[in-house]
Protein chains: 2
Amino acid sequence: MTYCLSLHCSEGLVFLSDSRTTAGIDNVTLHPKMRIYEREGDRVLCILSSGNLSITQSVSAFIDRDMERAVGEAGGCCLMNQHNLYETARYVGERIREVRHLDADALRQGGLDFNINLIVGGQIGSQPPEIYQVYAEGNAIHASRESPFLQIGELKYGKPILDRGFTYDTPLHEAVKFGLLSLDSTAKSNLSVGTPFELFCYRAGDLRVSHRMVFPEDHPYLKDLRDRWQNGLIQLVHEIPPLDCLLR
Amino acid sequence: MTYCLSLHCSEGLVFLSDSRTTAGIDNVTLHPKMRIYEREGDRVLCILSSGNLSITQSVSAFIDRDMERAVGEAGGCCLMNQHNLYETARYVGERIREVRHLDADALRQGGLDFNINLIVGGQIGSQPPEIYQVYAEGNAIHASRESPFLQIGELKYGKPILDRGFTYDTPLHEAVKFGLLSLDSTAKSNLSVGTPFELFCYRAGDLRVSHRMVFPEDHPYLKDLRDRWQNGLIQLVHEIPPLDCLLR
């Protein structure tokens with residue numbers, strides 16, 4: 001499995017992903033699930049992926065193919081020349097449909113669903129930053145001030161922490177902590193999600209990739225965050241008064 | 001959906017369940033998912049149920065039928081006359097198989113799985129308290145010192161809090177708080193799980209039902225627990241140092 005999430009707050013965007021891919025318990029490998037595309041001063045885009053690895057890799061290959069064509073004489077439509085983020089998300093959705101056309105029938109014959117979910121986000125020029133979830137059917141939804149985060153993959157374990165604490169008004173450096181805790185909690189409760197974690201923290205208006213990090217299992221910041229969270233959480237429960245009737 | 005859980009600690013057992021049952025979003029009703037059977041001084045048993053409501057109600061009906069027979073002249077095997085908790089769990093598993101024999105084919109023809117999961121726990125005489133999960137196939141597993149809790153239904157949202165903080169050595173009144181937080185977090189993140197919550201807290205050796213409570217949505221203790229948790233959690237995240245690079 002996979003767990004990827006993206007948080008949208010007033011100061012910018014946070015993208016996080018784990019790196020574990022499984023095809024049965026004997027075949028656990030690491031694959032990046034975060035791809036960043038940058039043209040400094042013009043646009044920064046980030047794509048997070050979950051689902052069937054061959055489908056997500058095919059989508060990436062088609063995105064790369066179109067970008068190579070677009071810089072050549074033929075020109076044409078590609079990920080990095082869309083007018084806005086909605087059209088960028090729809091462009092990615094079209095690439096999913098292209099892979100579906102190619103592979104869905106054969107996968108179904110093998111008993112496999114056409115399973116892919118993507119998060120596409122970033123900023124283009126002076127437009128506001130946005131994040132979109134693109135479904136296996138190629139359609140898309142965006143996050144909003146009221147629903148300021150998107151999750152794909154193994155999303156349930158890490159949702160309560162976001163539901164309790166993260167809002168659009170959370171500062172960017174706090175949002176990173178909420179995201180890392182959501183990801184680390186998922187990894188602790190589900191063996192199929194694991195380190196290294198990839199982080200891309202984008203500050204609105206930057207139009208370049210400034211804060212990108214990889215956290216291996218023994219990263220000092222991750223270990224400190226995890227310890228403080230675990231101890232703090234137990235202390236917090238301890239400070240809640242018990243039910244009276246249990247003390248009698 | 002449903003979420004039920006049971007925690008096993010050195011001082012006793014905690015059983016918790018929500019009360020929401022759904023058959024599509026237009027048909028949301030309340031049904032108890034916790035049944036307690038008591039013969040004071042001899043044994044106390046608690047059964048939590050998730051899955052298809054007609055299956056869980058049929059299992060209960062068969063349990064009641066056997067108990068009525070057992071007190072009559074015919075006698076016979078019933079929930080309340082098993083030698084130990086393992087045999088009690090297996091007895092309940094046999095009742096699931098009885099319902100399967102009756103209904104599984106017809107359900108399958110209607111496109112429905114034979115979906116039921118039960119938690120069966122309690123204490124018999126001087127034997128140690130135990131909790132078992134009984135599957136749709138009628139087989140069972142028990143919790144242990146190393147894996148001291150069982151969950152059925154919509155279990156992912158409420159697992160991280162238990163994984164982080166609850167152990168076999170957690171005091172009973174603390175275990176109740178962990179259980180309520182796990183249940184309330186699930187209700188907050190998933191609309192299909194909701195109040196009223198039912199709690200049965202059993203202290204080892206009691207052999208009677210002393211602490212049983214129902215928490216409606218506006219129960220003062222539940223509201224206080226929820227507020228303290230939400231505020232404390234945000235404060236806890238706030239106290240974790242941010243990544244250095246984000247402050248530059």
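Helices α5(A) and α4(B) are roughly perpendicular to each other, because their axes cross at roughly 110°. The axes come within 9 Å. This is a predicted model. In chain A, α5 covers residues 220-239; in chain B, α4 covers residues 172-189. From α5(A), the contact uses Leu233(A), Val237(A) and His238(A). From α4(B), it uses Glu174(B), Lys177(B), Phe178(B) and Leu181(B). By class, four of these residues are nonpolar, one is polar and two are charged.

**Helix packing within chain B**

Helix α4(B) also packs against α5(B). Their axes come within 11 Å and cross at roughly 80°. That angle is why α4(B) counts as roughly perpendicular to α5(B). On the α4(B) side, the contact residues are Lys177(B), Leu180(B), Leu181(B), Asp184(B), Ser185(B) and Lys188(B). They meet Tyr221(B), Leu222(B), Leu225(B), Arg226(B), Trp229(B) and Gln230(B) of α5(B). The class count here is six nonpolar, two polar and four charged. Lys177(B) and Leu181(B) belong to this contact, and both also take part in the contact with α5(A).

| Helix pair | Axes come within | Crossing angle |
|---|---|---|
| α5(A) and α4(B) | 9 Å | roughly 110° |
| α4(B) and α5(B) | 11 Å | roughly 80° |

**Helix α5 of chain B**

Helix α5(B) runs over residues 220-239, 20 residues in total. From first C-alpha to last it reaches 28 Å, close to the 28 Å expected at 1.5 Å a residue. Which of its residues are buried? They are Tyr221(B), Leu222(B), Leu225(B), Arg226(B), Trp229(B), Gly232(B), Leu233(B), Leu236(B) and Val237(B). Seen down the helix axis, these buried residues fall within an arc of 150°, so they line one face of α5(B). Pro220(B) and Asn231(B) are exposed on the other side.

**Backbone features in the loops**

In chain A, the bond joins Thr195(A) and Pro196(A), with omega about -5°. Pro196(A) sits in the loop between α4 (172-189) and β11 (197-203) of chain A. In chain B, the bond from Thr195(B) to Pro196(B) is cis, with omega near 0°. Pro196(B) lies in the loop between α4 and β11 (197-203) of chain B.

Leu207 has a positive phi in both chains. The value is near 50° for Leu207(A), a residue other than glycine. For Leu207(B), phi is near 55°. Leu207(A) is in the loop between β11 and β12 (211-215) of chain A. Leu207(B) is in the loop between β11 and β12 (211-215) of chain B. Are these leucines buried or exposed? Leu207(A) has 11% relative accessibility and therefore counts as buried. Leu207(B), at 10%, counts as buried because the cut-off is under 20%.

**Around Leu150(B)**

Leu150(B) belongs to strand β10 (residues 149-153) of chain B. Its relative accessibility is 6%, so Leu150(B) counts as buried. What does Leu150(B) contact, leaving aside its neighbours within four places in sequence? Its partners are Cys4(B), Leu5(B), Ser6(B), Ile119(B), Ile131(B), Tyr132(B), Gln133(B), Ile141(B) and Ala143(B). One of them, Gln133(B), is 17 residues apart from Leu150(B) along the chain. The C-alpha atoms of Leu150(B) and Gln133(B) are separated by 6.9 Å.

Note on methods:
Residues numbered from 1 in each chain as written. Chains lettered and ligands numbered in written order. Predicted model: local features only at pLDDT ≥ 70, side-chain atom pairs only at ≥ 80, totals over all residues. Heavy atoms only, no water. Helix = DSSP H or I, 4+ residues; strand = E, 2+ residues; numbered from the N terminus. Expected span 1.5 Å × (residues − 1). Buried < 20%, exposed > 50% of the residue type's maximum accessible area, 1.4 Å probe, protein only. Arc of directions from axis to C-beta. Axes fitted to C-alpha atoms, helices over the stretch in contact; angles between N-to-C directions. Parallel < 35°, antiparallel > 145°, perpendicular 65-115°, else oblique. Contact = heavy atoms within 4.5 Å. Nonpolar A, V, L, I, M, F, W, Y, C, P; charged D, E, K, R; others polar.
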